[in-house]
Amino acid sequence: KLQFLYLIVGTMLRVQAVRQHVWRRWAASTPRDEKSRSGKVRTSNATKWKEALDANPPEVPTKLLADMKAGIASQPLSDMCGLVGRLPKANWWPAGRSEAAGVVNAVVVHLVTQKAAATMTEVQIRTVLQVLGKCSHRDASLQDDFAKVLEKRVRSLDSRTLATTVWAYTTLSDVRRDLFSAVAKECIGKVGQLSSQNLSNTVWAYATARHSAPTLFEAVAVQMCHRRIEKLGGAEAIPNLVWAYATVKHSAPRLFDAVAAKARKEVTRFKPHHFATTLRAYATARHSAPGLFTSVAAEAFKQVGQFDPFSISQIVWAFAESRESAPGLLFALAERFLSLSDEWSPKVCSDVAWGYATLGHAVPELYGRVIGFAVEHLDCFKVWHLAKLLWACGKAGQGHEARGLFDAAAPILINDVRGLTDEALLQVVEAHAMAEHDAQELFQAYTKEVRRRQAPQNEE
């Protein structure tokens with residue numbers, strides 16, 4: 001009887017194994033479909049949505065996105081992540097990001113509430129984070145819940161996923177300090193596994209988030225200098241890398257030398273904002289790189305017609321701060337700047353005027369137009385931008401032409417004298433002296449403010 005029982009159980013197990021094998025073969029042949037008892041193949045929602053997204057219509061598929069938002073949470077985890085990953089590749093993505101964000105939020109809600117995030121693969125985590133970072137609509141509570149899940153898993157994540165995590169949350173302007181600290185600690189031990197692009201993205205994220213991670217920055221600098229700098233691809237990676245170190249004021253002279261050599265080779269791939277960010281970083285870090293400035297000047301001259309006012313102000317400021325000169329480029333940029341007066345802002349005007357005055361480049365028309373703009377938009381100027389502009393006018397010998405600006409600016413500077421830094425206070429005093437402009441009331445206010453600032457030091 002016992003042998004007969006064993007025979008029955010063995011037969012049942014073999015039958016079950018055969019059934020499972022047949023089921024796997026069938027599933028492999030129809031991975032996204034369901035089969036009814038009648039034998040007809042019924043296409044699943046995930047398959048329909050995938051086909052619709054792959055069709056890539058030019059207009060935003062509002063109905064499709066609404067259907068996905070309502071039903072995507074009922075799909076398998078792999079389908080959810082795969083569908084979300086297809087969204088940014090569509091032609092309609094720039095115009096439909098806000099609507100697509102509803103689909104992404106529905107996925108994140110499911111991941112958090114159903115605790116499915118704990119079982120996600122690293123590829124799936126990166127997919128959701130990358131799309132979340134590209135969405136124009138953000139839900140802070142969802143991001144917070146997802147960050148808590150990621151924080152618990154941070155030790156098990158690979159280096160690429162760690163880099164994507166801080167990049168995504170920085171792009172969302174949603175810095176989770178606990179998550180960033182945990183990722184920084186984990187990244188230090190895995191920095192050798194990160195690609196050059198991910199190293200650049202990581203330090204960019206921490207610098208943008210203003211999150212201190214000096215040990216991580218030092219580890220990245222060492223890694224980049226040893227063997228990664230030549231593999232640094234993409235025009236964005238080079239400026240982002242040096243900008244990050246300059247922003248957090250982390251000294252890395254060997255890294256800056258290596259990046260300068262790499263940038264000179266890649267400069268033909270740069271666009272105006274790449275030139276501006278790179279040179280601004282070197283000027284801010286006070287790192288001498290004359291060869292880089294020369295190479296950038298030659299290539300930027302060919303692209304002068306593509307510069308916007310902000311990029312022009314950044315380049316002019318960088319050349320002035322570094323005391324580098326490129327007369328041909330600077331005069332061409334001045335003409336380009338004058339042609340874009342409808343796009344001027346107080347900051348770019350003060351930076352451009354300060355840069356040309358510091359370098360001693362005579363561009364009278366530029367100063368005349370900038371002075372007129374400042375008088376017309378005086379209420380829009382911050383006091384430190386106003387101080388810089390007045391100094392530039394005095395330095396460039398435009399004191400007489402800017403007399404109306406000096407008179408109009410005096411009451412604003414007096415009322416907000418405490419908002420001026422020590423450097424800005426000195427700029428205003430020097431500006432009035434160079435312009436030979438009498439402003440007794442202004443000088444009295446400055447004298448009083450200087451004494452107030454010196455009082456604590458005298459007490460000590």
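**Entry 1. Cysteines**

I began with Cys349, whose sulfur is 11 Å from the closest cysteine sulfur, in Cys393, too far for a bond. I took a disulfide to be a pair of cysteine sulfur atoms within 2.5 Å, and by this rule I count zero disulfides. I then looked up Cys380, which is in no disulfide; the nearest cysteine sulfur, that of Cys349, is 11 Å away.

I also checked accessibility, where buried means under 20% relative accessible area, exposed over 50%, and partly exposed in between (1.4 Å probe, protein chains only). Cys349 is buried at 0%, whereas Cys380 is exposed at 51%.

**Entry 2. Basis and confidence**

I note that this is a predicted model, in which local features need pLDDT of at least 70 and side-chain atom pairs count only at pLDDT 80 or more, while totals for chains, interfaces and linings use all residues. Residues are numbered from 1 along each chain as its sequence is written, and side-chain values use heavy atoms, with hydrogens and water left out.

pLDDT is the predictor's confidence in each residue, from 0 to 100. I read a mean pLDDT of 84 for the chain, with 91% of its residues at 70 or more. Over residues 29–43 pLDDT stays under 50, and for this stretch the model has 17 contacts beyond four places in sequence. A contact means heavy atoms within 4.5 Å.

**Entry 3. Pockets**

I searched on a 1 Å grid over the protein atoms alone; a pocket is an open set of points where a 1.4 Å probe fits, with protein on both sides within 12 Å along at least five of seven lines, and lining residues have an atom within 4 Å of a point. Grid points are joined across faces, edges and corners, and a volume is the space filled by probe spheres set on the points.

The largest pocket has a volume of about 400 Å³. I find 13 residues in its lining, of which Trp317, Asp351, Trp384, Lys388 and Glu423 lie nearest the centre. Helices H16 (309–321), H18 (346–359), H20 (383–395) and H22 (422–435) each supply at least two residues of this lining. Helices (H or I, at least four residues) are DSSP runs, numbered from the N terminus. I sorted the lining into four nonpolar, three polar and six charged residues. Here Ala, Val, Leu, Ile, Met, Phe, Trp, Tyr, Cys and Pro count as nonpolar, Asp, Glu, Lys and Arg as charged, and the others, Gly among them, as polar.

The second largest pocket has a volume of about 190 Å³. Its lining includes Tyr245, Lys249, His250, Phe256 and His287. Helix H12 (237–247) and helix H13 (253–266) each supply at least two of the lining residues, and the lining divides into six nonpolar, four polar and one charged.

**Entry 4. Single residues**

I looked up Leu338 in helix H17 (residues 327–338). Leu338 is buried, at 13% relative accessible area. Not counting residues up to four places away in sequence, Leu338 touches Trp344, Glu365, Leu366 and Arg369. I find its C-alpha 12 Å from that of Ser313, at a sequence separation of 25 residues.

His274 lies in helix H14 (residues 272–284) and is buried, at 4% relative accessibility. With residues up to four places away in sequence left out, I list Ala235, Glu236, Pro239 and Arg269 as touching His274.

Gln193 is in the loop between helix H9 (177–190) and helix H10 (196–208). I note Gln193 as exposed, at 54%. The C-alpha atoms of Gln193 and Val248 are 24 Å apart, and the two residues are 55 apart along the chain.
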